Amino acid sequence: MTNLKPERVFYYFKQISDVPRGSGNCGGMARYCKNFAINHNLKYVKDDADNVVIFKDGTPGFENSEPVILQGHIDMVCQKTEGATTDFINRGIELFVDGDFLKAKETTLGADNGIAVAMILAILESDNIPHPPIEAVFTSDEEIGLIGAGKLDKSILSAKKMINLDSEEDDTVTVSCAGGCHFLAKTPLDFQEKNGTKITVTLKGLKGGHSGVEINNNRVNADALAGRFLNHIKKTFNFDIININGGDKDNAIPNKCTIELCVDDADLFIKTAEAYLEIIKAEIADRESGFTFTFSKGETSLFKVLCDDIKEKLIFALTCVPNGVLEMSADIAGLVQTSLNLGVLKIENEALSLHFGLRSNKKSGLSFLIEKLQAFFGSVNWETDTNGHYPPWEYKDNSQLREIYKAVYADYFGKAPKVEAIHAGLECGVFADAIEGIDCISIGPALYDVHTANEKLSISSTENVFNILLKILEKLK
């Protein structure tokens with residue numbers, strides 16, 4: 001085997017990091033992949049959903065081998081540190097190296113899943129590594145519901161083996177994942193006018209994180225915390241809500257929520273509210289050491305505020321709606337089976353909306369969760385809707401790819417890898433649902449704090465996983 005230098009992986013990662021590629025803004029990255037195919041004389045298909053599939057023949061000796069899909073998604077979650085001025089729509093991200101880690105200045109790194117794209121491009125570029133025919137599938141808008149994978153015409157693919165490169169632990173091969181959907185609860189707003197002093201309360205510094213990967217790590221949801229705060233304070237103070245806003249992705253646990261209130265006695269309100277938030281801070285310090293809060297006193301004036309009925313229903317919903325882990329698997333130790341995440345809370349266009357990310361490793365569990373939320377929000381007469389449904393990927397007993405990976409990993413590291421099912425959604429589920437008999441595995445380098453501005457990628461891990469991937473391809477003769 002001729003090793004392909006991992007430097008080409010990082011070369012391509014830098015290239016695609018210069019391309020704006022937040023979810024919903026995948027056109028530039030799709031054009032990049034299309035131009036790559038053209039420049040390397042490779043057959044390709046680009047569809048209207050900004051998915052790109054690039055085809056490469058097998059190398060000498062592999063011409064008649066069964067093809068394999070190499071797959072990753074081209075979009076990224078765009079999060080930034082407080083005060084950062086990054087323009088995710090028009091500009092790329094700024095990379096830097098910190099020891100063994102690759103990071104981005106003030107933003108998410110986008111290694112979820114840009115590092116997969118970079119690995120695949122490096123393989124497609126090379127002519128000196130042995131591999132079977134490759135169907136390189138680059139999907140769009142994975143982070144907002146596996147949309148691209150769902151829209152891709154699977155009939156253009158002939159492979160019955162697929163290596164997804166969207167996992168985040170280098171000692172693990174993933175063999176099953178959850179399905180899920182987006183759930184929206186929404187109500188039009190009625191307003192009234194109240195005199196008082198404007199107080200802005202900001203709850204911030206929480207860890208946040210991926211709503212699939214981190215949902216069982218007991219991380220505090222800023223929007224749910226806002227409900228707890230408001231529900232407690234209303235026992236002591238009359239207040240009105242001018243605005244409330246927390247989170248911007250339903251698949252990210254919100255780490256900040258901002259509440260604008262109208263109160264009569266601002267100084268007494270702040271004193272009382274600070275005392276309660278200090279109690280909460282002490283309570284969660286063992287798992288949320290970075291949590292903090294601020295109060296800002298504004299002008300005294302006449303404000304447009306939510307009517308009392310909407311205010312009470314909002315506080316009730318934030319306090320009582322289910323959130324986090326609902327059920328653990330009885331079959332697989334440590335696996336979350338069903339969960340939900342309140343990821344977005346906002347007032348916009350004179351409507352109040354709550355956006356949830358729902359997940360379950362069983363179709364029936366997801367269906368019941370939808371019914372549960374519909375019943376809950378029906379009790380307060382709010383509208384509900386679901387979209388972005390994606391199927392679970394169920395465990396396959398006789399996986400040739402899994403066994404090849406286990407053997408290659410053991411030979412490379414001298415130990416066996418972990419074989420795991422996960423609660424996060426992977427596009428493997430979409431492909432497994434559409435292509436009968438497909439054999440999938442998901443692997444990837446070590447990633448930390450994905451979907452946050454602290455995201456980082458291990459450089460040495462990337463090199464190891466890339467070399468393992470090359471060895472797997474060599475065995476698919």
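1. A salt bridge here is a side-chain nitrogen of Lys or Arg within 4 Å of a carboxyl oxygen of Asp or Glu. The structure holds 21 salt bridges.

2. A word on what you are looking at: this is a predicted model, in which local features need pLDDT of at least 70, side-chain atom pairs count only at pLDDT 80 or more, and totals for chains, interfaces and linings use all residues. Residues are numbered from 1 along each chain as its sequence is written, and side-chain values use heavy atoms, with hydrogens and water left out.

3. Between Lys256 and Glu82, the closest N and O atoms are 3.6 Å apart. This pair links distant parts of the chain, 174 residues apart: Lys256 sits in the loop between β12 (252-253) and β13 (257-263), and Glu82 in the loop between β3 and β4. Helices (H or I, at least four residues) and strands (E, at least two) are DSSP runs, numbered from the N terminus. For accessibility, buried means under 20% relative accessible area, exposed over 50%, and partly exposed in between (1.4 Å probe, protein chains only). Lys256 is partly exposed at 31%, while Glu82 is exposed at 57%.

4. Two further salt bridges deserve a look. Glu66 and Lys161 meet through their side chains at 2.9 Å, N to O. They are 95 residues apart, with Glu66 in the loop between β2 (52-56) and β3 (68-73) and Lys161 in strand β7. Glu66 is exposed at 52% relative accessible area, whereas Lys161 counts as buried at 12%. The other pair is Lys297 and Asp267, whose closest N and O atoms are 2.9 Å apart. Lys297 is partly exposed at 47% relative accessibility.

5. Strand β7 (residues 161-164) also runs parallel to β20, joined by four bridges; two strands pair if DSSP finds at least two bridges between them. Met162 stands opposite Cys440 in β20. Is β20 covered on one face or both? Both faces of β20 (residues 439-442) are covered, with Asp439 and Ile441 buried on one side and Cys440 and Ser442 buried on the other.

6. Please also look at the open sheet of four strands, ordered β4-β5-β22-β21 with antiparallel pairing. Its edge strands are β4 and β21 (447-448), each of which pairs on one side only. Four bridges join β4 to β5, and Val97 has Leu102 in β5 as its bridge partner.

7. In helix α1 (residues 7-17), the buried residues are Val9, Tyr12, Phe13, Ile16 and Ser17. They lie on the same side of α1 because they cover an arc of only 140 degrees around the axis, taken from the directions from the helix axis to the C-beta atoms. Their cover includes α2 (27-39), β4 (95-98), β5 (101-104), α3 (111-125) and α11 (459-475), with contact meaning heavy atoms within 4.5 Å.
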